[in-house]
Amino acid sequence: MTDAADPRFSDYEQVLRTARSVRKHLDLGREIDPEDLRAAIDVAVQAPTGLMGENWRFLVVTEAKRKAAIASIYQTVLEELLQARGMPMKATHRALISHLPDMPALIFVCAIGEPPSDQGGQIGFYGSILPAAWSLMLALRGRGIGTTWTSLLNARADEVAAVLALPDGVTQTVMFPAAYVLNAKLKPADRLPAANVTYGNAWGVDYF
Ligand SMILES: Cc1cc2nc3c(=O)[nH]c(=O)nc-3n(C[C@H](O)[C@H](O)[C@H](O)COP(=O)(O)O)c2cc1C
C-alpha cells in the first residue's frame with residue numbers, strides 16, 4: 001500500500017494521509033493473522049480515554065453464520081437509508097455489501113456503558129472510544145489490512161446485539177469489515193486543504 005510520495009510528508013504522515021476506506025481489491029480468501037489483530041488492538045488501546053477509562057471492547061467476528069446475519073442487517077439498513085433519501089447506491093457501497101459475508105473479519109468497536117443525555121457527556125463518552133477506533137483503523141492499515149469506517153448498523157443495534165450476544169449496557173460504535181489489501185494504491189482523498197478550513201483568532205478570519 002503505497003502512495004505517490006509527497007516530499008512535504010514523513011512516512012508516518014503518508015500512512016495518515018492514505019488511510020482510505022477500502023471496499024474493493026481485498027483478499028477475501030486470506031484469514032487475518034490474529035497476531036496482526038493483536039498488535040493493532042494493542043496500538044488502539046493507547047488512544048486517549050476520558051473518565052470512562054478503557055471502556056473499549058473489540059469484538060472480532062469470523063464465524064460465517066454471524067457474518068451473514070450482520071451482512072443482511074447491513075444491507076437492509078443501507079437500502080432503507082438510500083430509499084428514504086432518494087439516493088442511488090454507489091458501486092463502492094454495492095461492492096462492500098456483496099463482500100460483507102465473505103470478509104475475513106468484521107471488527108466491532110464497542111463501549112461498556114451508555115452515552116449520557118447531555119451534550120458534554122456525549123462528547124466525553126464517544127470521545128473516549130472513537131479515537132481508539134481510529135487508531136485501530138490506522139494500525140490495521142499499517143499492517144496491510146484494509147477496512148471501512150462504518151456505523152450504519154447502529155440503526156438496528158438491537159438486532160446486531162442479538163447476533164453478537166452483546167449484553168445490555170454495551171454501546172456499539174464502529175464496525176470495520178477487514179481484509180488484507182490486494183495491490184490497491186491508496187491515495188490521499190480530494191479534501192479541502194488546511195488553508196480552507198482553518199481560521200485565525202476569530203471565526204472566518206484566514207490563518208494561513
Ligand atoms: C461517522 C461515519 C460513519 C460512516 N458509516 C459508513 C457506513 O456505515 N458504511 C460505509 O460504507 N461508509 C461509511 N462511512 C464513510 C466511509 O468510511 C468513508 O469515510 C467515506 O466513504 C470516504 O472515504 P475515505 O475516508 O476513504 O475518503 C462513514 C463515515 C463516518 C465518518
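**Helix α2.** I began with packing: the buried residues of α2 sit against β2 (56–61), β3 (105–112), α6 (130–142), β4 and β5 (170–181), contact being heavy atoms within 4.5 Å. I am working with a predicted model, where local features need pLDDT of at least 70, side-chain atom pairs count only at pLDDT 80 or more, and totals for chains, interfaces and linings use all residues. Numbering runs from 1 along each chain as its sequence is written, and side-chain values use heavy atoms, with hydrogens and water left out.

I listed the buried residues of α2 (residues 34–44) as Asp36, Leu37, Ala40, Ile41 and Ala44; buried means under 20% relative accessible area with a 1.4 Å probe, protein chains only. Down the axis of α2, these buried residues fall within an arc of 125 degrees, so they line one face of the helix. The arc uses directions from the helix axis to the C-beta atoms.

**Threonine 150.** I found threonine 150 in the loop between β4 (145–147) and α7 (157–164). Threonine 150 counts as buried because its relative accessibility is 4%. Its side chain reaches the backbone oxygen of methionine 175 at 2.6 Å.

**Ligand.** I then looked up which residues surround the ligand: there are 13, the closest being Ser21, Arg23, Tyr74, Trp149 and Arg191, where near means a heavy atom within 4 Å. A polar side-chain atom of arginine 20 is 2.9 Å from a ligand oxygen atom, and arginine 23 likewise places a polar side-chain atom 2.9 Å from a ligand oxygen atom. For leucine 152, a polar backbone atom lies 3.0 Å from an oxygen atom of the ligand.

Note on methods. Helices (H or I, at least four residues) and strands (E, at least two) are DSSP runs, numbered from the N terminus. Buried means under 20% relative accessible area, exposed over 50%, partly exposed in between (1.4 Å probe, protein chains only). A polar contact is a pair of N or O atoms within 3.5 Å; within protein, one must be able to donate a hydrogen and the other to accept it, and residues adjacent in sequence count only if both atoms are side-chain atoms.
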